[in-house]
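Take a look at the chain below.

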Amino acid sequence: MSTPLTYAGKLNVRPPEKGSFPLDHEGQCKMFMIKYMKCLNTNSNENTKCRQESKDYLECRMENNLMTKEDFSKLGFKKNISEISSERKE
C-alpha cells in the first residue's frame, strides 16, 4: 500500500518567488502584526478592510530587514488607501 510520502520525490516543488520570510524572533514588528490580526478578526477576515494595517506591518518588516524592500505597488497596494475608500463611496 502506498502512502503520500512515497511520491514526495516526484513532485515539482518550487521555492517561494520572493524568497524566505524570516520570523520576527525579536518582536520588532509584533505590535503591527497584532493590530493587523485584530483588524482581521473585527472585520470577519476581510483583508480589504485592513489594508492600512497590512501596509504598516509590511513596512515595518522592510525597515527591520525581515523582508526584501519592495515598492508597495508590487505588493498589491497600487493606490493610496484614501483613494480606494473614496471610490467605494461613489
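Exposed means over 50% relative accessible area, buried means under 20%, and partly exposed lies in between (1.4 Å probe, protein chains only). Helices here are DSSP runs of H or I with at least four residues, strands are runs of E with at least two, and both are numbered from the N terminus.

Before going on, note that this is a predicted model: local features need pLDDT of at least 70, side-chain atom pairs count only at pLDDT 80 or more, and totals for chains, interfaces and linings use all residues. Residues are numbered from 1 along each chain as its sequence is written, and side-chain values use heavy atoms, with hydrogens and water left out.

How long is α1? It has 13 residues and reaches 18 Å from its first C-alpha to its last, close to the 18 Å expected at 1.5 Å a residue. The expected span is 1.5 Å times one less than the number of residues. Just after α1, S44 takes a positive phi of about 50 degrees.

Next comes helix α2, residues 51-63. Its 13 residues should span 18 Å at 1.5 Å a residue, and its end C-alpha atoms are 18 Å apart, which agrees. The buried residues in α2 are R51, S54, Y57, L58, C60, R61 and M62. Just after α2, N65 takes a positive phi of about 55 degrees.

Is S54 buried or exposed? It counts as buried because its relative accessibility is 12%. S54 touches Y36, N47 and F77, not counting residues up to four places away in sequence. E63 also has its place in α2. At 56% relative accessibility, E63 counts as exposed. The C-alpha atoms of E63 and C29 are separated by 9.7 Å, and these residues are 34 apart along the chain.

How many does the structure hold? It holds 2. A disulfide is a pair of cysteine sulfur atoms within 2.5 Å.

C29 counts as buried at 0% relative accessibility. C60 is buried too, with a relative accessible area of 5%.

Another disulfide joins C39 to C50, S to S 2.1 Å. This pair also links distant parts of the chain: C39 is in helix α1, C50 is in the loop between α1 and α2, and they are 11 residues apart. The S-S torsion of C39 and C50 is about -95 degrees, so the disulfide is left-handed. C39 counts as buried at 10% relative accessibility, and C50 is buried with a relative accessible area of 0%. With bonded cysteines counted along the chain, the disulfides follow the pattern 1-4, 2-3.

Now look for the core. Which residues make up the largest nonpolar core? There are 5: L58, M62, M67, F72 and F77. A nonpolar core is a set of buried Ala, Val, Leu, Ile, Met, Phe, Trp, Tyr and Cys residues joined through side-chain atoms within 4.5 Å. F77 is in contact with R51, S54, K55, L58 and F72, leaving aside its neighbours within four places in sequence.

Finally, step back to the whole chain. It has 3 helices and 0 strands, in the pattern α-α-α along the sequence. Buried residues make up 19% of the 90 residues. Among contacts between residues at least 6 apart in sequence, 47% join residues at least 24 apart.

Definitions and conventions:
Contact = heavy atoms within 4.5 Å.
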